[in-house]
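Student: I have a new model open and would like to learn how to read its features. Could we go through them together?

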Amino acid sequence: MKIRIVSGSAATVAAAGVIVGVIKKDKKPTGPAAQIDRNIGGGISALMAGREFSAAAGRTVTLRPGRGRAKCVIVVGLGSGSIAEYARAAAAAGAAAGAAGLKSVCCALAATAGLKIDPAAAVRIAAQQCSGSDYRFKLGRRPGSAGIDSISLLLPGKSNARLNRAAATGAAIAAGSNLARHLAEQPPNVCTPDFLARCAQDLGRHPKVRTRVLKKASLEKLRMEGILAVGRGSANPPCLITVSYAGGRPTSAPVVLVGKGVTFDSGGISLKPGAAMDEMKFDMSGAAGVLGTLAAVARMRLPINVVAVVPSAENMPDGKSYRPGDVLKMYSGKSVEVLNTDAEGRMLLADALAYAEKRFKPAAIVDAATLTGACVVALGHHRSGMFARNDDLAEALVAAGEASADLCWRLPLDDEYDQLLSSSYADFAHIGGGRAAGTITAACFLGRFVKTRKWAHLDIAGSAWGKDKRATGRPVGLLATWLAAKARRLD
Ligand code: BES
Ligand code: MN
Ligand code: ZN
């Protein structure tokens, strides 16, 4: 799919469909909506004068006017025109364009009169959300497309370097997030640890990207007992994938992103109940998210170094599986008492975090994981849980989430929670005993395997996919926007 930038009147852009927005308080169409309205003979004014259409954020109506240049006009409500409402509207309009089967679309949302958003951010979000709609599930390694060939973004005013870059940033983030959705939605018989490794290898087609895969034998040599134990019950062997993007100076420390890559989580010996167990194919959404982010960073050509680290395994019950009660010596040297084999994500991540820190001496390290059901209870599907020891890092992640409409909420890491991990048989236990503060004790466990204060953890158990059992592509928006800001390339 191609994304191009256009300016001038919405009515003169050559495209099969056009997306225009209306702000709730407006009684009549303004800006591009007014241009199209005149062009099609008043269909949008008639819509706004009627009672059926409210301009609440994300409400769409598809018109087939039979007059004017575009065959199809998608009118979307922008609510008050705030950034969150605008992003929701852009996503809904993009989905409507996909559903209408349009091959080419002009998105005029960023040119709406009366937006309360910086023009570059409006262009970036329009590009991110509208090109995000060109996704359709397809089995296999290559992502599918909804068949949209081109999106023309109508700029607010004349084209300039800042607006052009914002469009490119949004399109890169959309591509990364569509890759994440593609990987996350693959069924677990297709998406095994080997499959993830091959997809990571495919990223090597981007300039400056290199992939390395440590297979089971290497993990044994390195004594990554956390990853090995989780993978032991499965016929699909575990692995550790690293993908590096070298966009910065060779001497500058990379940002490392670690993603949980459990390709199917049956719970293992502590078997999960059968209902909705299919959802546990999404348990590699953290891996999908960091690989998607790396793809977005490479596309943006950010002048920084970034490494994605993915520990991957399948958690299955078997005669060889690890068990509740096992005491394991982890890669970091710490011993851990396993109390429930369904808390497998933290075992993988503990080894991957310790390895990443030792090997890459990162400037910052952020992990993303569908780690706990408790996080879904706490925050639902709206915000990811975020944990950090460093306030600047936490604030930067919150800001990136707001700027990309991929929100997170900071939760605490107090010592009082950390102490719940005590064990009589090992350095510590791997769960906090009982259900209290489950998302926090999981984060505290991870925290015991990183030395730097520049570490953050995102629990995306609720945000990576929705109740409709579709992947969301999160947290690619948040992470890629954070990295773009870090590289001073945001808006
Ligand atoms: N992958 C699950 C977490 C999960 C649950 C994600 C529901 C999305 C939806 C994780 O491996 C897990 O099973 N966690 C356990 C931890 C418990 C045994 C301490 C959980 O949340 O119940
Ligand atoms: Mn589990
Ligand atoms: Zn899991």
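Student: Which polar side-chain atom lies 2.9 Å from an oxygen atom of ligand 1, and in which residue?

Tutor: A word on the model before that: it is predicted, local features need pLDDT of at least 70, side-chain atom pairs count only at pLDDT 80 or more, and totals for chains, interfaces and linings use all residues. Residues are numbered from 1 along each chain as its sequence is written, chains are lettered from A and ligands numbered from 1 in the order in which they are written, and side-chain values use heavy atoms, with hydrogens and water left out. A polar contact is a pair of N or O atoms within 3.5 Å; within protein, one must be able to donate a hydrogen and the other to accept it, and residues adjacent in sequence count only if both atoms are side-chain atoms. Here the atom belongs to Asp265. Lys272 also has a side-chain N or O atom 2.9 Å from an oxygen atom of ligand 1, while a side-chain N or O atom of Asp283 is 2.8 Å from a nitrogen atom of the ligand. The protein covers 78% of the 520 Å² of accessible area that ligand 1 has on its own (Shrake-Rupley method, 1.4 Å probe; for residues, only the protein chains shown count as cover).

Student: Which residues coordinate the zinc ion (ligand 3), and which residue bridges the zinc and manganese ions?

Tutor: Zinc is held by Lys260 (NZ), Asp265 (OD), Asp283 (OD) and Glu344 (OE), at 2.0 to 2.4 Å. Asp265 is the bridge, and the two ions lie 3.1 Å apart.

Student: Is Glu344 buried or exposed?

Tutor: Buried means under 20% relative accessible area, exposed over 50%, partly exposed in between (1.4 Å probe, protein chains only). Glu344 is buried, at 1%. Lys260 is buried too, at 2%, and Asp283 is buried at 2%. Asp342 is partly exposed, at 23%.

Student: What should I look for in the backbone?

Tutor: Most residues other than glycine have a negative phi, and most peptide bonds are trans. In this model, the peptide bond from Arg474 to Pro475 is cis, with omega near 5°. Arg301 has a positive phi, near 55°, and is exposed at 65% relative accessibility. Arg488 likewise has a positive phi, near 55°, and is exposed at 72%.

How values were computed:
Donors are N, O and S atoms within 2.8 Å of the metal (3.2 Å for Na, K and Ca); water is not among the atoms, so sites may look incomplete.
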